[in-house]
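Dear colleague,

Please find below the structure that I am handing over to you. My findings follow it, and I would be grateful if you read them with the structure open.

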Amino acid sequence: QVQLVESGGGLVQPGGSLRLSCAASGSMFIIYTMGWYRQAPGKQRELVASITRGSRTDYADVVKGRFTISRDNAKNTVYLQMNNLKPEDTAVYYCNSVPHSYSWGQGTQVTVSS
């Protein structure tokens, strides 16, 4: 059973940056495409970035050029570097496989506000 623990969220001003981390337990992590999802209040959860086991990346148009996903397979960890944050990026951020197949973690809250 893989468990996912997200961290690194917080309150940041527009234009600021945050780096999220997702630590996964279990040796199966390395074979999966992993992704970062987010869910804003009143909205459905959406996939914003993904990375294959070979580190090929893909991004939703709304974050392209601002967010960078990376992974360290040796550490079973996925990262999301978020730059030039906007108020509309405010959400709870989660990691999971793509498509998601693990239980969702608690997520990490990102709030972008002045």
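The largest pocket of this predicted model has a volume of about 190 Å³. It is lined by 13 residues, and those closest to its centre are Arg38, Ala40, Lys43, Glu46 and Glu88. By type, the lining of the largest pocket consists of 7 charged, 3 polar and 3 nonpolar residues. As background, rolling a probe the size of a water molecule over the atoms shows where empty space is left.

The loop between strand 6 (57–59) and strand 7 (67–72) contains Arg66. Because its relative accessible area is 8%, below the 20% limit, Arg66 counts as buried. The side chain of Arg66 makes a polar contact of 2.7 Å with the side chain of Asp89. Apart from neighbours within four places in sequence, the contacts of Arg66 are Gln81, Met82, Asn83, Asn84, Leu85, Lys86 and Asp89.

Is Arg71 buried or exposed? Its relative accessibility is 11%, which is under 20%, so Arg71 is buried. A polar atom of the Arg71 side chain lies 2.8 Å from the backbone oxygen of Tyr32, and a polar atom of that side chain lies 3.1 Å from the backbone oxygen of Thr52. Between Arg71 and Gln13 there are 58 residues of separation in sequence, and their C-alpha atoms are 26 Å apart in space.

With kind regards

Key:
Residues numbered from 1 in each chain as written. Predicted model: local features only at pLDDT ≥ 70, side-chain atom pairs only at ≥ 80, totals over all residues. Heavy atoms only, no water. Helix = DSSP H or I, 4+ residues; strand = E, 2+ residues; numbered from the N terminus. Buried < 20%, exposed > 50% of the residue type's maximum accessible area, 1.4 Å probe, protein only. Polar contact = N/O pair within 3.5 Å; in protein donor to acceptor, adjacent residues only side chain to side chain. Contact = heavy atoms within 4.5 Å. 1 Å grid on protein atoms, 1.4 Å probe; cavity = no way out; pocket = protein on both sides within 12 Å on 5 of 7 lines; lining within 4 Å. Points joined across faces, edges and corners; volume = space filled by probe spheres on them. Nonpolar A, V, L, I, M, F, W, Y, C, P; charged D, E, K, R; others polar.
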